[in-house]
Amino acid sequence: MPDDAPRVFLSYSHDSRAHQERVLALADRLRADGIDARLDQYEPAPARGWPRWMEDQIDAADFVLVVATETYRRRFRGHEEAGKGLGVQWEGAILTQELYEAGVRNTTFIPVVFSSTDAARIPRALRGFTRYDVSTDEGYEQLYRRLTAQPEVVKPPLGEPRELPPRPRWRTGDGGTAPAVPIFLVPYERNPYFTGRRKILDDLHRALTRDGAAVVGQAEPSAALPRGTRMAISGLGGIGKTQTAVEYAYRHAGDYRAVFLVRAQSEGALVGGFAEIAGKLGLPEAAAGNQKEAVAGARRWLEAEDGWLLIFDNADRPAVVKPFLPRGGRGHVLLTSRAQAFDVVGIRHPFQLDTLPPDDALALLLARAEREDAGAEEVTAAAELTEELGYLPLALEQAGAYVLEQPLRFASYLVAYRQRGIELLGRGRPVVEGHPDPIVTTWAMNMREVEEASPASAELLRACAFVAPDNVPEELVIEGASEFGPAIAERCSTADALALSELLAPLVRYSLIRCDLEGRTWTVHRLVQEVVKASLGEADRRDWVKRVIRALWKAFPWPEFSNWSACARLLPHVLAAAGLPEAREPEIEEAGHLLNAAAWYLYERARYAEAEPLYERSFKILEKVLADEHPDVATCLNELAILYRDQGRYAEAEPLVERSLKIREKVLGDDHPDVAQSLNNLATLCRDQGRYAEAEPLFERSLKIREKALADEHPDVAQSLNSLAELYRVQGRDAEAEPLVERSLRIREKALGDDHPDVAKSLNNLALLYPDQGRGAEAEPLYERSLKIFEKALGDDHPDVATALENYALLLHDTGRTSEAEEMEARARTIRARHASREREQQSDTKRRPARRGDAGAGRLA
């Protein structure tokens, strides 16, 4: 490790074994990335004792990562029971003293969390400093940039000051001077609970005041915008468009000489609003009592003057607003709307308002319920509730108001919401101005309008209610169109992008969905889904779930390597649909096949804890709806057994493979390729348990069947060759193993391509044969190529990558390159620790061995 590597000490509490493993995985990852991370788990018995060791570590560290949890905060404050958590109390005392002596200036102590809910558990002395959520790759990268002084945004050189002309004096209609206090005609009070939205407010201000470009989040402004800019805030009903516009009006009132907000949901509302503007300005047209003249007068005034802001609120039909827009005026126009296209009013890039970030959503809910000082348990329940409500501001407003009014604990409301769903949310009426109706009422009206405009679009929205809310892929509708009824099937009978766009358009128009054109997906808010479900009867919900499952089965490809990206797009929707209560009564054959395919994909991606319940449920469905000895039942048994085997659960795996073999031999015949598959898997189980004499004839029979039934260069033949070769290798029969592995490699390269992970497995197994023959120089390029293929195909944190690293490290140790070997071993440990941590999170109530392939010394890859 370089001498100048940043030195980092991790201060944390021993909450649980899982938490210790999580912290260890973080430390391992930091060390693998060149950070000199120090941790008590690396030092089982420091010679100077723990108190002195901790103090030495803090003194020597460039940075101290404070891993915040409820236990850590309690011990940090000295509120733990006697004799427990003394280490954190000691470190907390040192940290507090350091901050005190530094005058609260802090460049050393960095708060770190593993979930957003832990943000509220950061010790008070550190809450004002930047925290990092290392549960995500993005959060880890931000921390890594901080530790290595590599900022994401580099400050540009300081330019020369610009000279600006003075702002022109504003003229009133009669040529007089403007009053000192600007005219402010906004019919809503400022929302005292308004939370977040800082970036969009800043971006909006830059876009409207010539200091930025119209594209939200653009790193550098392009050409300065001309005065008189028009902008729009677009988004779903209840997302906070009106409140954001109102907050902008109050926040920047001092930048304008007049601020107006008119309701724009109809022509009548616009006429009334403009007449009110004319009256507020004291225009003579207002006194005449003719609304048409008053509107014309207000518009003439806006076209002649500058320094004003005009907000059209709820302009869901922009074409209705167009006749009221000032022409050539020099003020700012802002629309709020559920629409997403504004070309008719000359706006090219609307600001798309999204849901609140989790931290802001939590802050809003706590503030609205007046529970800012809630304890850790209540904060956790509130955080879970914000997630259940999809971080939607109006839903949070309603829930917070209801909790305050009753009064209720967040934990109680959360339980009730999970039981009663959207019906409970409909009880809380919002008190925020500009949105008098509950969210359920608002969306129900939108859905009726969609139904009238396009019944097929309404059907599509119903289908979308039973999948995951985010990134619904277009292939689900294109491939599964026949399951969604004749209206959708007729439009999507071919992969016609225009037909699908026309189907989506009414939903986009009301912001009920948001499309991602590049990703060919769309997103629907989870509460919109709940409102749709609530509008259907029980029988209709059950019918829709089955239709969606059948459509998913038609769209979901077989999870071979070349189809992984397509599987990944559909997997969240498979899990969402299959997890609904309506999917279980009664269960259908397509559900069994779909779950089996999804489980196989998860297995291939080493997500074993997620795959297992899908396999088990698939087996139960297929066993129930098909005959006990159906080949598809045998396939499910076989694949579940493979999963058990890879976790070292041999006793559970073997009877499943044996039953699979019996079914296949009876139904398909002794020489069927599927029989060969079961034979190969049973032989592998015997080999892994050292039962070599039993394994060899099974491997040989499997190979003979495949060579006879399939082409000589079929990938399944390569699998049998590789498996038999591994049996020979573990018995020291390298001369017999080598030609089999070489033939396996040739087949796989030709049939699958050079970058397929199965090619990497054959390369790895061939390399394993060479060192014992004194051919280490030939092994190394094979290990290197195998590792590169695995990393590219599987990602950096797959267990097969760890196995390849461990095998390569053995060779490096044998050749005296200890430092390189230890780096590879450390990286492999990090991969396994992260994988084990993810598996525990998925299946925390069941003890499992860490999933890995191969023996501790040399891992084979079949």
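Angles under 35 degrees count as roughly parallel, over 145 as roughly antiparallel, 65 to 115 as roughly perpendicular and the rest as oblique. The model is predicted, so local features need pLDDT of at least 70 and side-chain atom pairs pLDDT 80 or more, while totals for chains, interfaces and linings use all residues. Numbering runs from 1 along each chain as its sequence is written, and side-chain values use heavy atoms, without hydrogens or water.

**View A. Helices α30 and α31 cross at roughly 160°.**
Here α30 (residues 692-709) and α31 (residues 715-730) have axes that come within 9 Å; axes are lines fitted to C-alpha atoms over the stretch in contact, with angles from 0 to 180 degrees between N-to-C directions. Helices are DSSP runs of H or I with at least four residues, strands are E runs of at least two, and both are numbered from the N terminus. The two helices are therefore roughly antiparallel.

**View B. Strands β12, β14 and β13 form an open sheet in that order.**
The pairing is antiparallel, where two strands pair if DSSP finds at least two bridges between them. Two bridges join β12 to β14 (residues 521-523), and Val-472 has Trp-522 as its bridge partner in β14.

**View C. Glu-377 and Arg-409 form a salt bridge.**
Their closest N and O atoms are 3.4 Å apart; the rule asks for a side-chain nitrogen of Lys or Arg within 4 Å of a carboxyl oxygen of Asp or Glu. Glu-377 sits in helix α13 (residues 376-388), and Arg-409, 32 residues apart from it, in the loop between α14 (393-405) and α15 (410-420).
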